[in-house]
Amino acid sequence: MIVDMHVHTNLGSICSQLGPEELISRARELGLHAVCVTEHHSHRGADRMVELARGSGFPVFRGVEIYTELGDMLVYGLKRDTRYHLTTFRELLQMAEEDGALIVPAHPTRGWDQKHPHQHVFPRELVGKVAAIETLNGANTERSNLWAVQVARELGLPGLGGSDAHSAWQLGKCVTVFENWIEDEKQLLEELREGRFYAAYLKDLEVAHPPLERPRD
Ligand SMILES: [Zn+2]
Ligand SMILES: [Zn+2]
């Protein structure tokens, strides 16, 4: 099952231009089987998106993206929203443990390719506390993603893929391929916990999808 695990919509992220109808129609065109909406700090947009998608028959899951001092974290299964810009990783970890949620560092190597890579290290505080690493992020350079793949390999963690889309043309660039078909969020968490997935560039999968031109602005 092909799922874009990192998507921002204009329902919950002011930085996003991606509207709900556009999200579903583009996801279908691309051959995605589901998307997971991960707005910043709040599930409000994702909740609305799930409501709107219900009638369309296209599955939409919910997550959230939270800034911490150790970088942005994708969190799946969190049962609450968090304060903007004020969550420490320690606080987040406690909330995740209470809620049975899973943490995945988002784009942990973003920017590594712009500087000398040895200036950067993956925060050791995260080791043993995260379920996976977002190895393929659609807004990263391929080189940066390669660093993330290497980090995940070193730590023995599975890689997650998501587009980090803020508009339709960005959707589905990177995806997560799950071994099993997922019907609901409970099952999504189960598959994430068990590591039954891998990250991929959609272009590398055998899925037919028409190209969408990047709008000129
Ligand atoms: Zn981010
Ligand atoms: Zn994001």
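The questions below go from the whole chain to single residues.

Colleague: How many helices and strands are there in the protein chain?

Modeller: The model is a predicted one. From the N terminus on, its elements follow the order β-α-β-α-β-β-α-β-β-α-β-β-α-β. The count for the protein chain is 5 helices and 9 strands.

Colleague: What is the radius of gyration of the protein chain?

Modeller: Along its principal axes, the C-alpha trace spans about 40 × 35 × 35 Å. For 217 residues the globule rule gives 17 Å, and the value for this chain is close to that, so the chain is as compact as a globular protein of that length. The radius of gyration is 16 Å.

Colleague: Which strands are the edge strands of the open sheet?

Modeller: The open sheet consists of 7 strands with mixed pairing, in the order β5-β4-β3-β2-β1-β8-β9. An edge strand pairs on one side only, and this holds for β5 and β9 (197–201). The edge strands are therefore β5 and β9.

Colleague: What is the bridge partner of V3 in β2?

Modeller: Strand β1 covers residues 2–7 and runs parallel to β2, with 3 bridges joining the two. V3 also belongs to the largest nonpolar core, which has 59 residues, and is among the members that touch the most others. Its bridge partner in β2 is A34.

Colleague: Which residues of α2 are exposed on the face turned away from its buried side?

Modeller: The buried residues of α2 are G45, A46, M49 and A53. Seen down the helix axis they fall within an arc of 95°, so they line one face of α2. They are covered by elements including α1 (20–30), β2 and β3 (60–68). The face turned away from them carries the exposed residues E51 and R54.

Colleague: What angle does the direction of α2 make with that of β3?

Modeller: Helix α2 packs on the sheet, where it touches β2 and β3. Angles between N-to-C directions run from 0 to 180 degrees. For α2 and β3 the angle is about 170°.

Colleague: Is G63 buried or exposed?

Modeller: G63 is found in strand β3. Leaving out residues up to four places away in sequence, G63 touches C36, T38, L74, V75 and Y76. A residue counts as buried if 20 or more other C-beta atoms lie within 10 Å of its own. G63 has 26 such atoms, so G63 is buried.

Colleague: Where is H41, and is this residue buried, partly exposed or exposed?

Modeller: Most residues other than glycine have a negative phi. H41 has a positive phi of about 70° although it is not a glycine. H41 lies in the loop between β2 (34–40) and α2 (44–54). With 19 other C-beta atoms within 10 Å, H41 is partly exposed.

Colleague: What is the phi of H107?

Modeller: H107 has its place in the loop between β5 (102–105) and β6 (133–137). H107 counts as buried because 25 C-beta neighbours lie inside 10 Å. H107 is a residue other than glycine, yet its phi is positive, near 30°.

Methods: Residues numbered from 1 in each chain as written. Chains lettered and ligands numbered in written order. Predicted model: local features only at pLDDT ≥ 70, side-chain atom pairs only at ≥ 80, totals over all residues. Helix = DSSP H or I, 4+ residues; strand = E, 2+ residues; numbered from the N terminus. Buried ≥ 20, exposed ≤ 12 C-beta atoms within 10 Å, placed from the backbone. Arc of directions from axis to C-beta. Contact = placed C-beta atoms within 7 Å. Rg over C-alpha atoms; globule rule 2.2 N^0.38 Å. Core = buried A, V, L, I, M, F, W, Y, C linked by C-beta atoms within 7 Å.
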